[in-house]
Amino acid sequence: MPFGACRQAVEQALSGFGFTALPAPGCFDETVGSCLAWAGKNCWFLIAGQDKAEREQELMLALDGIAAVSNANDGFLCLGIDGQDARTLIAKGCVLDLDGLETGQCAVTLMAHTRVHLHRKSPTAFDLLVPASHAASFWEWLAMSAADIGMSVTIMPPGRHPASS
């Protein structure tokens with residue numbers, strides 16, 4: 001993302017979004033409504049909650065001339081998996097050793113034959129970024145795997161969680 005020696009300028013620009021630095025490899029940082037996650041060498045994902053279009057425009061203006069920014073909003077499905085059996089469910093299809101992935105860390109890994117970006121938000125909560133082109137087959141695998149261990153998965157509207165009817 002940052003051009004050449006512009007890392008410090010990028011970090012300063014991101015401070016307006018609540019971030020103090022670009023996350024180190026394998027890590028992510030969260031602020032209210034946004035997550036900034038390492039995605040590979042010199043690459044980060046900014047995952048915005050609500051007001052995505054407005055945040056995108058603000059980000060493009062803030063980083064103009066110091067970093068490359070591209071919109072991947074429709075390229076990924078963001079899934080949250082939370083609960084006592086979340087780790088067990090993810091381990092059914094993930095090639096990564098989840099014991100080595102601590103809270104606040106992320107990884108690009110294979111899960112159910114799909115390249116996903118996995119964030120460990122707490123000991124029992126994970127976020128997954130799944131390529132949109134694999135969303136249907138991944139969801140099918142997830143639902144079947146959850147049923148195998150007595151869990152169910154449901155699609156919730158953005159910003160709504162099961163406990164907040």
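Let's start with the sulfurs: the disulfide count comes to 0. Keep in mind that this is a predicted model. Cysteine 27 is in no disulfide, as the nearest cysteine sulfur, in cysteine 106, sits 6.6 Å away. For cysteine 35, the closest cysteine sulfur also belongs to cysteine 106, and at 7.6 Å that is too far for a bond.

| Residue | Relative accessibility | Class |
|---|---|---|
| Cysteine 27 | 24% | partly exposed |
| Cysteine 35 | 7% | buried |

On to the sheet. Three strands make up an open, antiparallel sheet in the order E1-E2-E3. The edges are taken by E1 (28-31) and E3 (43-48), and since each has a single partner strand, one side of each is left without a neighbour in the sheet. From one strand to the next, the twist averages 20 degrees. E1 pairs with E2 (residues 34-40) over 4 bridges, in the antiparallel sense. Threonine 31, for instance, has serine 34 in E2 as its bridge partner.

Now for aspartate 127, which is found in strand E7 (residues 125-131). Is aspartate 127 buried or exposed? Its relative accessibility is 18%, so aspartate 127 counts as buried, the cut-off being under 20%. The side chain of aspartate 127 makes a polar contact of 3.3 Å with the side chain of lysine 121. Leaving aside residues up to four places away in sequence, aspartate 127 touches Leu79, Gly80, His117, Leu118, His119 and Lys121.

Methods
Residues are numbered from 1 along each chain as its sequence is written. This is a predicted model: local features need pLDDT of at least 70, side-chain atom pairs count only at pLDDT 80 or more; totals for chains, interfaces and linings use all residues. Side-chain values use heavy atoms; hydrogens and water are left out. Two strands pair if DSSP finds at least two bridges between them. Helices (H or I, at least four residues) and strands (E, at least two) are DSSP runs, numbered from the N terminus. Axes are lines fitted to C-alpha atoms, for helices over the stretch in contact, and angles run from 0 to 180 degrees between N-to-C directions. Buried means under 20% relative accessible area, exposed over 50%, partly exposed in between (1.4 Å probe, protein chains only). A polar contact is a pair of N or O atoms within 3.5 Å; within protein, one must be able to donate a hydrogen and the other to accept it, and residues adjacent in sequence count only if both atoms are side-chain atoms. Contact means heavy atoms within 4.5 Å. A disulfide is a pair of cysteine sulfur atoms within 2.5 Å.
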